[in-house]
Amino acid sequence: MPIQKLAWKFLVIGSKGSGKSSFISYMVYGEMSPGIPRAMIKKTVTREIDGIRYSVDILFQEADDDAERVIGTATGMIVVIDLTDYRSLEFAERVIARAYGMNKINVYIIGNKTDLKYEAQIWKEDLEKLSSKFGSTYYMVSCKDGTGFEGILDSIVDRIISRNVLRK
Ligand SMILES: Nc1nc2c(ncn2[C@@H]2O[C@H](COP(=O)(O)OP(=O)(O)OP(=O)(O)O)[C@@H](O)[C@H]2O)c(=O)[nH]1
Ligand SMILES: [Mg+2]
């Protein structure tokens, strides 16, 4: 089977404390390891589509207020929203609007901290509204108990391969 190697950068953006580091950690290590440095962390994802094997090196980079400087260089954007903080939704909306203004279409919305449901200030319906406004996709997760992580990265990678590589 032919192999195509790809290298992408994913920006993980969100308001302070929304769970960006925890999300990257869960994606890459399968657990929320406290205190991972604000560094670039790499994960390789392998997918098979239409008889071609894709090996994608994904570099995760965390960003918040500095987001605007780095949006231009990213293949994909993962916008993390703290469901217990309504300001986190406002932050996300601003960042997403800016990204679309720069023709960045691979934007994925993550509603984080579903385990804190009694403290929620943002609900599924809010994320539904936000994602349909921009034509993006949203996922609900908890970096604490691992809920909702199953298949997220694979589905994001498949979508980007379809859009950017196969141009379906
Ligand atoms: N209960 C709960 N706490 C979480 C979850 N995800 C992250 N946290 C906590 O939220 C706090 C912030 O998490 P981080 O991953 O450091 O968030 P961040 O967005 O990287 O924060 P900054 O880099 O400081 O902006 C930490 O105390 C985490 O333990 C979650 O799903 N549930
Ligand atoms: Mg962090």
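Leaving out residues up to four places away in sequence, Phe 91 touches Gly 14 and Ser 15, where a contact is two C-beta atoms, placed from the backbone, within 7 Å. Before going on, some ground rules: this is a predicted model, so local features need pLDDT of at least 70 and side-chain atom pairs count only at pLDDT 80 or more, while totals for chains, interfaces and linings use all residues. Residues are numbered from 1 along each chain as its sequence is written, and chains are lettered from A and ligands numbered from 1 in the order in which they are written.

Back to Phe 91, then. Phe 91 is found in helix α3; helices here are DSSP runs of H or I with at least four residues, strands are runs of E with at least two, and both are numbered from the N terminus. Phe 91 counts as buried because it has 23 C-beta neighbours inside 10 Å. The scale goes like this: 20 or more other C-beta atoms within 10 Å means buried, 12 or fewer means exposed, and anything in between is partly exposed, with C-beta atoms placed from the backbone. Phe 91 and Val 12 are 79 residues apart along the chain, and their C-alpha atoms are separated by 13 Å.

Val 12 takes us to the largest nonpolar core, where Val 12, Val 79, Ile 81, Ala 92 and Ile 110 have the most contacts among 37 residues. A core of this kind is a set of buried Ala, Val, Leu, Ile, Met, Phe, Trp, Tyr and Cys residues joined through C-beta atoms within 7 Å. Among the elements that each supply at least two residues of this core are β1 (3–14), β3 (52–63), β4 (76–82) and α5 (152–165). The largest share, six residues, comes from α3. In soluble globular proteins, nonpolar side chains tend to be buried together.

Now for the strands. β1 pairs with β3 in the parallel sense over eleven bridges, pairing being at least two bridges found by DSSP between two strands. In that pair, Gln 4 stands opposite Tyr 54. β1 also runs parallel to β4, with five bridges joining them, and Phe 10 has Gly 76 as its bridge partner in β4.

Further along, β5 (residues 107–112) and β6 (residues 137–140) run parallel and are joined by four bridges. To get from β5 to β6 the chain passes through helix α4 (residues 124–134), in a right-handed β-α-β crossover; right-handed means that, with the strands pointing away from the viewer, the path from the first strand over the helix to the second runs clockwise. Ile 110 sits opposite Tyr 139 in β6. Beyond its neighbours within four places in sequence, Ile 110 also has contacts that include Phe 23, Val 79, Ile 81 and Val 141.

Two loop residues deserve a look. Most residues other than glycine have a negative phi. Asn 103, in the loop between α3 and β5, has a positive phi of about 60 degrees, and Lys 113, in the loop between β5 and α4, has a positive phi of about 80 degrees. Asn 103 is exposed, because 7 other C-beta atoms lie within 10 Å, whereas Lys 113 is buried, because 25 do.

Of the 16 residues around ligand 1, Gly 19, Lys 20, Ser 21, Ser 22 and Lys 144 come nearest, a residue being near if its C-beta atom, placed from the backbone, lies within 6 Å. Helix α1 (residues 20–29) gives the largest share of this shell, three residues.
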